[in-house]
Each structure stands twice: as C-alpha cells, then as structure tokens.
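Q: Please show me how to read a predicted model feature by feature, with the general idea before the particular case.

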Amino acid sequence: MVQHGITVLLINLDAYATVQVGLSVQNTIPTNRTSIWLLHQHSRHGKFTRYNLDSSMRKEYHLTAKHGNIHSQIVLLNGKILSVDSSGTIPPLEPRTGYPSDPITVAPFSIVFADIPNILVPACK
C-alpha cells in the first residue's frame with residue numbers, strides 16, 4: 001500500500017526566538033476519503049476546512065536539549081527524555097498532534113519533524 005503525505009523539517013538555530021511556522025494545505029489532494037471528517041473553523045479567515053480525524057492529523061516530533069542547554073547530553077522528544085532502555089531498545093516515539101493548517105511552534109535551539117499524512121502535493125507527483 002502506497003502511503004501519501006509530506007514530512008517537513010524545521011530547525012531553529014536562534015538561542016532566544018520561538019518561531020511560529022504556518023503551512024498551507026491548500027491545493028493539496030486528500031488521499032483517504034473513508035474516515036470521519038471534522039469541520040474546523042479558521043479564526044483568521046472565518047472559513048471552515050474539513051479534516052480527517054483518523055488519519056490527517058499532523059504529527060509533530062520536537063527535539064530539544066534538556067533545559068535548553070545545547071551542550072547537554074540529554075535530548076528531549078516532545079518534552080520527555082529520549083533514551084534507550086537497558087537492552088538498547090528505543091522507546092515508542094509518541095508525536096504531538098494538530099490540524100494540518102495550524103501553525104507549528106519551533107522553540108529556540110530545536111528541531112521539529114512535522115508529518116502530514118494522506119495528502120498529495122501536486123508538485124511532488
């Protein structure tokens with residue numbers, strides 16, 4: 001089964017500024033039409049957009065250093081310490097979720113992977 005979607009990598013190298021990044025899902029094609037849809041109103045535009053609750057929620061993975069110290073040897077994934085167990089097994093990588101068109105907050109000295117599943121971007125065909 002072919003999986004459609006995009007993943008966006010955002011890197012904030014500024015030590016102080018938190019950045020809000022807006023992504024537009026206009027002119028994209030939803031690829032999954034079989035699940036439940038939600039109407040979400042945009043406060044900026046007063047328009048309603050349909051989102052697939054089951055499979056079109058954006059998944060975000062925020063990597064930061066503990067206490068914002070870029071020299072720290074402890075990395076946080078979505079605010080939780082990311083470490084392997086005693087057998088070297090990586091824990092489940094639990095994402096934050098959000099609507100595809102909501103802004104992504106990128107903290108100082110952080111890396112964010114944002115996965116938007118089940119859309120097809122015409123430029124990426």
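A: Two strands pair if DSSP finds at least two bridges between them. Strands are DSSP runs of E with at least two residues, helices are runs of H or I with at least four, and both are numbered from the N terminus. The model is predicted: local features need pLDDT of at least 70, side-chain atom pairs count only at pLDDT 80 or more, and totals for chains, interfaces and linings use all residues. Residues are numbered from 1 along each chain as its sequence is written, and side-chain values use heavy atoms, with hydrogens and water left out.

Q: How many helices and strands does the chain have?

A: The chain has 0 helices and 12 strands, and its pattern along the sequence reads β-β-β-β-β-β-β-β-β-β-β-β.

Q: Which strands are joined to β6 by bridges, and how do they run?

A: Strand β6 spans residues 58-65. It is joined to β11 by 5 bridges, and the two strands run antiparallel. Strand β9 (residues 96-98) is joined to β6 by 3 bridges and is also antiparallel to it. A further 3 bridges link β6 to β7, again antiparallel. Individual pairs can be located in the model: Glu60 has Arg96 of β9 as its bridge partner, Tyr61 has Phe113 of β11, and Leu63 has Leu77 of β7.

Q: What does the side chain of His62 make with Arg96, and which residues does His62 touch?

A: A polar contact is a pair of N or O atoms within 3.5 Å; within protein, one must be able to donate a hydrogen and the other to accept it, and residues adjacent in sequence count only if both atoms are side-chain atoms. The side chains of His62 and Arg96 make such a contact at 3.5 Å. Setting aside residues up to four places away in sequence, His62 touches Leu76, Leu77, Asn78, Arg96, Ile104, Thr105, Ile111 and Val112.

Q: What is the phi of Asn78, and where does Asn78 lie?

A: Most residues other than glycine have a negative phi. Asn78 has a positive phi, near 50 degrees, and lies in the loop between β7 (75-77) and β8 (80-81). Asn78 is buried because its relative accessible area is 14%. A polar atom of the Asn78 side chain lies 3.4 Å from the backbone oxygen of Glu60. Beyond four places in sequence, Asn78 touches Glu60, Tyr61, His62, Glu94, Pro95 and Arg96. Phe109 also has a positive phi, of about 45 degrees, although it is not a glycine. Phe109 is found in the loop between β10 (104-106) and β11 (110-117), and it counts as partly exposed because its relative accessibility is 29%.

Q: Which residues form a salt bridge?

A: A salt bridge is a side-chain nitrogen of Lys or Arg within 4 Å of a carboxyl oxygen of Asp or Glu. The structure holds 1 salt bridge. Its partners are Arg58 and Glu60, whose closest N and O atoms are 2.7 Å apart, and Arg58 and Glu60 are both buried.

Q: Which residues is Ile104 in contact with?

A: Ile104 belongs to strand β10 and is buried, as its relative accessible area is 0%. Beyond four places in sequence, its contacts are Leu10, Val19, Gln20, Val21, Leu23, Arg58, Glu60, His62, Val112 and Ala114. The C-alpha atoms of Ile104 and Gly22 are separated by 6.4 Å, with the two residues 82 residues apart along the chain. For the chain, residues 24 or more positions apart account for 67% of the contacts with a separation of 6 or more.

Note on methods:
Contact = heavy atoms within 4.5 Å. Buried < 20%, exposed > 50% of the residue type's maximum accessible area, 1.4 Å probe, protein only.
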